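Welcome, and please open your viewer.

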Amino acid sequence: MNALGLGTVANSTVNYHYKPTTLHTCSSSNLNPKPTPLSLSMATPFNLSQPIGHHDLLIVGPGTLGRLVAHKWRQEYPGCQVFGQTLTINHHDELIQIGINPSLKWTKDTIKFPYVIFCAPPYQSSHYHADLREAALCWNGEGSFVFTSSSAPYDCNNNGLCDEDTPVVPIGRSSRTDILLKAEQIVLEFGDKGAHAYWLEKGIVESRPDHILNLIHYEDAASLSVTVLKKQFRGRIFLGCDNHPVSRQELMDLVNKSGKFSKKFEKFTGTDDPLGKRLNNSRTRQELEWEPKYSSFAHFLETI
Ligand SMILES: NC(=O)c1ccc[n+]([C@@H]2O[C@H](COP(=O)([O-])OP(=O)(O)OC[C@H]3O[C@@H](n4cnc5c(N)ncnc54)[C@H](OP(=O)(O)O)[C@@H]3O)[C@@H](O)[C@H]2O)c1
């Protein structure tokens with residue numbers, strides 16, 4: 001058995017943060033023989049006969065593991081569409097035969113998927129990290145994005161016990177683990193599904209910088225919802241926000257200054273798009289006797 005690291009980021013809708021979880025699992029080791037890449041210039045797009053559905057899945061690297069995932073996913077969600085992003089066209093005919101719609105061409109600007117799993121190994125492409133970013137950009141943020149890796153980053157080479165809490169190899173000790181740790185970091189950064197994560201990834205955004213945003217942490221949105229549910233109100237409207245509205249520019253200045261992200265945001269370039277609003281929910285807080293755990297986006301950044 002070979003250990004696989006699975007980093008999952010995902011799921012939920014609003015606002016500044018969703019804390020990603022990391023899981024680990026095992027897979028069988030019957031690997032396919034590795035083909036030689038050919039025809040890299042022939043970029044074939046997905047053949048779309050119907051719109052992307054709520055349970056459709058993109059498998060980046062539909063090899064041994066990815067094909068097994070496709071099979072199981074279809075058992076879970078009969079009728080769903082499964083797509084496969086590959087490095088070459090070498091296996092496209094095989095993939096079509098087993099019902100995986102193959103492509104060489106990234107579709108992040110045109111088609112996004114609710115579920116994406118990255119099963120491509122690090123040693124077949126020289127653009128592994130770039131491909132991982134492309135894959136994450138193909139995810140629409142709704143279902144999940146799962147990244148499969150290896151147990152190599154765990155710092156344990158003496159036959160000792162190793163579990164999810166085992167420290168990882170420090171960066172710089174080995175190029176093999178550096179590649180995997182960097183990949184993990186990229187994926188976890190995509191797990192911050194707030195607007196700041198999208199903008200950070202884009203670098204330059206065509207929106208005006210002074211538009212005001214109102215934020216709430218996912219955990220606070222959840223705790224507020226539970227509070228309302230428990231109190232059994234009828235016909236009432238409550239408001240959820242952190243009472244610290246920030247402009248787009250202020251938000252990204254906080255991100256850049258935090259030192260918590262490997263990328264740097266560049267700029268907003270918009271000038272005439274609409275402005276926003278400044279929310280305050282003091283009445284909701286008072287009535288529900290509820291306060292957010294994260295008092296502001298700045299507070300949240302201090303905690304990560
Ligand atoms: N020791 C370990 O920890 C261990 C052991 C086995 C597997 N794993 C992990 O398990 C996962 C899957 O492995 P596997 O054995 O199923 O792989 P595999 O059978 O070799 O299949 C690889 C697939 O990925 C595609 N691919 C390769 N690089 C790509 C890229 N950069 N972008 C898009 N597609 C790419 C290939 O495309 P083509 O069809 O064009 O070739 C192929 O479809 C990987 O994360 C691997 O690292 C880990």
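This is a predicted model: local features need pLDDT of at least 70, side-chain atom pairs count only at pLDDT 80 or more; totals for chains, interfaces and linings use all residues.

Start by selecting Cys156. Leaving aside residues up to four places away in sequence, Cys156 touches Cys162 and Thr166. You will find Cys156 in the loop between strand 7 and helix 4. Is Cys156 buried, exposed or partly exposed? Cys156 counts as partly exposed, because 14 other C-beta atoms lie within 10 Å, and a buried residue would need 20 or more.

**The whole chain**

Zoom out for a moment. The chain has 9 helices and 11 strands. Of its 304 residues, 30% are buried. Consider the contacts between residues at least 6 apart in sequence: 76% of them join residues at least 24 apart.

**Another stop in the same loop**

Go back to the loop between strand 7 (139-148) and helix 4 (175-191), and select Asn159, which lies there. Asn159 has a phi near 65°, a positive value in a residue other than glycine. How many other C-beta atoms are within 10 Å of Asn159? There are 6, so Asn159 is exposed; the cut-off for exposed is 12 or fewer.

**Helix 1**

Next, select residues 64-76, which form helix 1. With 13 residues at 1.5 Å a residue, helix 1 should span 18 Å. Its end C-alpha atoms are 19 Å apart, which agrees. Colour the buried residues of helix 1: they are Leu65, Gly66, Arg67, Val69 and Ala70.

**Helix 3 and Ala135**

Move on to helix 3 (residues 128-137) and pick out Ala135. Is Ala135 buried or exposed? Ala135 counts as buried, because it has 27 C-beta neighbours inside 10 Å. Not counting residues up to four places away in sequence, Ala135 touches Val60, Val116 and Phe118. Show Trp106 as well: Ala135 and Trp106 are 29 residues apart along the chain, yet their C-alpha atoms are separated by 7.8 Å.

**Helix 5 meets helix 7**

Two packed helices are described by the angle between their axes and the distance between the axes. To try this out, select helix 5 (residues 195-202) together with helix 7 (residues 248-258). Their axes come within 10 Å and cross at roughly 75°. That makes helix 5 roughly perpendicular to helix 7. Which residues make the contact? From helix 5 they are His196, Trp199 and Leu200, and from helix 7 they are Leu251, Met252 and Val255. Sorted by type, the residues of this contact are 5 nonpolar, 1 polar and no charged.

Stay with helix 5 and colour its buried residues, which are His196, Ala197, Trp199 and Leu200. Turn the view to look down the axis of helix 5: these buried residues fall within an arc of 165°, so they line one face of the helix. Then step just past the end of helix 5 to Gly203, which takes a positive phi of about 85°.

**Helix 6 and what follows**

Now select helix 6 (residues 218-230). Helix 6 has 13 residues and reaches 18 Å from its first C-alpha to its last, close to the 18 Å expected at 1.5 Å a residue. Just after helix 6 comes Gln232, with a positive phi of about 50°.

The phi of Asn243 is near 60°, a positive value in a residue other than glycine. With 17 other C-beta atoms within 10 Å, Asn243 is partly exposed.

**Last stop: Lys277**

Finally, select Lys277, in the loop between strand 11 (267-268) and helix 8 (282-288). Lys277 counts as exposed, because it has 11 C-beta neighbours inside 10 Å. Show Asn214 too: the C-alpha atoms of Lys277 and Asn214 are separated by 7.7 Å, although these residues are 63 residues apart along the chain.

Key:
Residues are numbered from 1 along each chain as its sequence is written. Axes are lines fitted to C-alpha atoms, for helices over the stretch in contact, and angles run from 0 to 180 degrees between N-to-C directions. Helices (H or I, at least four residues) and strands (E, at least two) are DSSP runs, numbered from the N terminus. Angles under 35 degrees count as roughly parallel, over 145 as roughly antiparallel, 65 to 115 as roughly perpendicular and the rest as oblique. Two residues are in contact if their C-beta atoms, placed from the backbone, lie within 7 Å. Ala, Val, Leu, Ile, Met, Phe, Trp, Tyr, Cys and Pro count as nonpolar, Asp, Glu, Lys and Arg as charged, and the others, Gly among them, as polar. The expected span of a helix is 1.5 Å times one less than its number of residues. The arc is that of the directions from the helix axis to the C-beta atoms.
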